[in-house]
Amino acid sequence: MMTKRTGEPTPRRPRCDECWDIKRRRAQALERGDLQRAVSLTGEMGAHLRVAHP
Ligand SMILES: [Zn+2]
């Protein structure tokens, strides 16, 4: 169901190109079973969120 609300529909979902890129690469790493890479990208995501989405 799609409900229209004034304001933000998803408060905790920042969508910029870098967010999606990191998220995508992390998902790919998980699919390949590359946990080290996934953890590294999670850290990268955290750093990006602090800088780009305060
Ligand atoms: Zn972002």
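The model is a predicted one, in which local features need pLDDT of at least 70 and side-chain atom pairs count only at pLDDT 80 or more, while totals for chains, interfaces and linings use all residues. Residues are numbered from 1 along each chain as its sequence is written.

The secondary structure of the protein comes to two helices and zero strands; here helices (H or I, at least four residues) and strands (E, at least two) are DSSP runs, numbered from the N terminus. Of the 54 residues in the protein, 2% are buried, and in α2, which is hardly covered, the count of buried residues among its 18 residues is one.

How far does each helix reach? For α1, the 15 residues should span 21 Å at 1.5 Å a residue, and the end C-alpha atoms are 21 Å apart, which agrees. Helix α2 reaches 25 Å from its first C-alpha to its last, close to the 26 Å expected, the expected span being 1.5 Å times one less than the number of residues. After α1 comes Gly-33, whose phi is positive, near 80°.

How do the two helices lie against each other? The axes of α1 (residues 17-31) and α2 (residues 35-52) come within 9 Å and cross at roughly 165°, where axes are lines fitted to C-alpha atoms over the stretch in contact and angles run from 0 to 180 degrees between N-to-C directions. That makes α1 roughly antiparallel to α2, a term for angles over 145 degrees. Where the helices touch, residues of α1 including Ile-22, Arg-26 and Leu-30 meet residues of α2, among them Leu-41, Met-45 and His-48, contact being counted when C-beta atoms placed from the backbone lie within 7 Å. By class, this contact of α1 with α2 has eight nonpolar, two polar and five charged residues, with Ala, Val, Leu, Ile, Met, Phe, Trp, Tyr, Cys and Pro taken as nonpolar, Asp, Glu, Lys and Arg as charged, and the others, Gly among them, as polar.

Some further pairs of residues are listed here with their separations.

| Pair | Apart in sequence | C-alpha to C-alpha |
|---|---|---|
| Val-39 and Ala-29 | ten residues | 9.3 Å |
| His-53 and Cys-16 | 37 residues | 9.5 Å |
| Arg-15 and His-53 | 38 residues | 9.8 Å |

Val-39 lies in helix α2 and is exposed, since it has 12 other C-beta atoms within 10 Å. His-53, found in the segment after α2, also counts as exposed, because it has 12 C-beta neighbours inside 10 Å. Arg-15 belongs to the segment before α1, and it is exposed because its other C-beta atoms within 10 Å number 9.

Note on methods. Angles under 35 degrees count as roughly parallel, over 145 as roughly antiparallel, 65 to 115 as roughly perpendicular and the rest as oblique. Two residues are in contact if their C-beta atoms, placed from the backbone, lie within 7 Å. A residue is buried if 20 or more other C-beta atoms lie within 10 Å of its own, exposed if 12 or fewer, and partly exposed in between; C-beta atoms are placed from the backbone.
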